[in-house]
Amino acid sequence: MSKRDLKNYLSELDKGQLEEQIIELYEKFNAVKVFYDFVFNPKEEKLLQEYKLKISNEYFPISRVRSRGKTKPKLRRSVAQKAIKHFITLGVDCFLIADIMLYAIEIAQTYSSENGIKQELFYKSMLNSYEQATNYIVSNGIFNEYKSRIIAIHEATINQNWKNKHEFESIVSKIKF
């Protein structure tokens with residue numbers, strides 16, 4: 001069904017029928033429930049803190065009582081990507097989306113500064129995240145607010161001697177200060 005067909009169908013329904021359908025969607029699909037819960041009670045800062053905790057747990061897991069000791073970090077970029085996608089879907093403020101994008105890179109860099117990482121995929125993944133974040137920030141016209149963090153991430157790649165530090169440099173050089 002196309003968007004136009006949907007509009008025609010919805011225009012034929014009366015208010016009561018529309019309300020019934022929306023309530024049914026709300027009850028049946030969790031994504032609709034999450035959307036409406038957020039629209040009517042947008043606790044953006046709370047949501048931001050919850051996702052920051054999830055992301056940091058990927059690199060610095062909260063130890064659970066186990067007989068074997070510390071919980072091993074998983075280092076999954078996908079957790080941050082899901083958070084970013086969820087924020088965008090909900091229509092969260094672009095400043096908070098930019099914050100979570102940069103935070104995901106910063107926490108990964110904190111981990112890499114304390115623990116040597118040999119997987120090249122990690123560095124490539126961080127480069128992709130950095131490029132996405134800078135593109136998002138520039139396209140939303142909020143670069144000045146995040147300039148220092150963008151530069152700090154780039155400088156950390158140099159200080160930690162990342163193999164792809166020159167590619168980070170290339171991204172920064174494309175931005176008009």
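Where is the place of Ser56? Ser56 sits in helix H4, residues 44-59.

## Basis of the model

This is a predicted model, in which local features need pLDDT of at least 70, side-chain atom pairs count only at pLDDT 80 or more, and totals for chains, interfaces and linings use all residues. Residues are numbered from 1 along each chain as its sequence is written, and side-chain values use heavy atoms, with hydrogens and water left out. Helices are DSSP runs (H or I, at least four residues), numbered from the N terminus.

## Ser56

With a relative accessible area of 12%, Ser56 is buried (buried means under 20%, exposed over 50%, partly exposed in between; 1.4 Å probe, protein chains only). Its side chain reaches the backbone oxygen of Leu53 at 3.0 Å.

Apart from neighbours within four places in sequence, Ser56 is in contact with Pro61, Tyr103 and Ile107 (contact means heavy atoms within 4.5 Å).

## Met1

Met1 lies in the segment before helix H1 (3-12). This residue counts as exposed, at 78% relative accessibility.

Leu75 is not a glycine, yet has a positive phi of about 55°. Leu75 belongs to the loop between H4 and helix H5 (77-90) and is partly exposed, at 27% relative accessibility.

Asn161, also not a glycine, has a positive phi of about 55°. Its place is the loop between helix H8 (143-159) and helix H9 (165-174). Asn161 is exposed, with a relative accessible area of 51%.

Key: Helix = DSSP H or I, 4+ residues; strand = E, 2+ residues; numbered from the N terminus. Polar contact = N/O pair within 3.5 Å; in protein donor to acceptor, adjacent residues only side chain to side chain.
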